[in-house]
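Good morning, colleagues. Please look at the model on the screen, and I shall then take you through a few of its features.

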Amino acid sequence: MRVEVTAEAFSDEIRVMEALKRNIQEKIKQLLGLSAKITLVEPGSIERSVGKAKRVIDLRKKM
Amino acid sequence: MNIKQLSVFLENKAGRLAHVTRILGDAKVNLLALSLADSSDFGILRLIVDDAERAQAVLKEHQVVCAVHDVMAVEVDDRPGGLADLLDLLDKGGVNVEYMYAFSEKKTGRAALIFRFDDTAKAAACLKQSGINIFRKVDLAPAGK
């Protein structure tokens, strides 16, 4: 799971950032019961969905 | 006695360091000293620049996650054991080093260390008591220059 880091959550110490990762991991485990590998990424690096969710893919040949 | 350090969050992806240094370069921010700490998926770039507040503002404009913190620049004897003596002193004073990196002072050519301590006030008192020079202003250049 990729998590974007905000300025508020950022620390200049590696151990604090690693603790943040562990904290997110534990919260997800508590909420969903799932173990997730957390990767911290820069803001805006996770692709945002545009428009409606695409649930049907039309594979018919175009006339 | 504290000096400002700019810290930048970097995703572990090709070109991120170049991106940040290019933004600073285009803004005419000069890098005086730096250290790059890395983990498995991210890095933290620590910089001493000529204007930390302006550098922070420029990076924020480009959505780069960064912060400015106080660190201490300490003079160390440029001889074998110089660093060990300094660290012994801090250890005896009960001061813990969060991280550090070394550079040489531009004007005097003397060895300097940038420190982040768990207790800055305690560290300053310990160093002052032992007559260790703490730089008030940083005028640093990478070693060898």
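Predicted model: local features only at pLDDT ≥ 70, side-chain atom pairs only at ≥ 80, totals over all residues.

**The strands of chain B**

I begin with strand β5 (residues 97-105) of chain B, which runs antiparallel to β6(B) and is joined to β6(B) by seven bridges. In this pairing, A102(B) has L113(B) of β6(B) as its bridge partner. Residues are numbered from 1 along each chain as its sequence is written, while chains are lettered from A and ligands numbered from 1 in the order in which they are written.

Strands here are DSSP runs of E of at least two residues, helices are runs of H or I of at least four, and both are numbered from the N terminus. Two strands pair if DSSP finds at least two bridges between them. Strand β4 (residues 66-76) of chain B also pairs with β6(B), in the antiparallel sense and over five bridges. There, M72(B) stands opposite F115(B) of β6(B).

How many of the seven residues of β6(B) are buried? Six of the seven, within residues 111-117, are buried, so the strand is largely enclosed by the rest of the structure. A residue is buried if 20 or more other C-beta atoms, placed from the backbone, lie within 10 Å of its own, exposed if 12 or fewer do, and partly exposed in between.

H62(B) lies in the loop between α2 (52-61) and β4 of chain B. This residue counts as partly exposed because it has 14 C-beta neighbours inside 10 Å. The C-alpha atoms of H62(B) and I23(B) are 8.1 Å apart, although 39 residues separate the two along the chain.

I turn now to chain A. Chain A has one helix and two strands, in the order β-α-β along the sequence. Its radius of gyration, taken over C-alpha atoms, is 18 Å, well over the 11 Å that the globule rule gives for 63 residues, so chain A is more spread out than a compact globule. That rule is 2.2 Å times the number of residues to the power 0.38. Of the 63 residues of chain A, 6% count as buried.

Finally, the interface: 16 residues of chain A are in contact with 14 residues of chain B, contact requiring C-beta atoms, placed from the backbone, within 7 Å. On the chain A side, α1 (14-32) and β2 (39-41) each supply at least two residues.

Note on methods: Contact = placed C-beta atoms within 7 Å.
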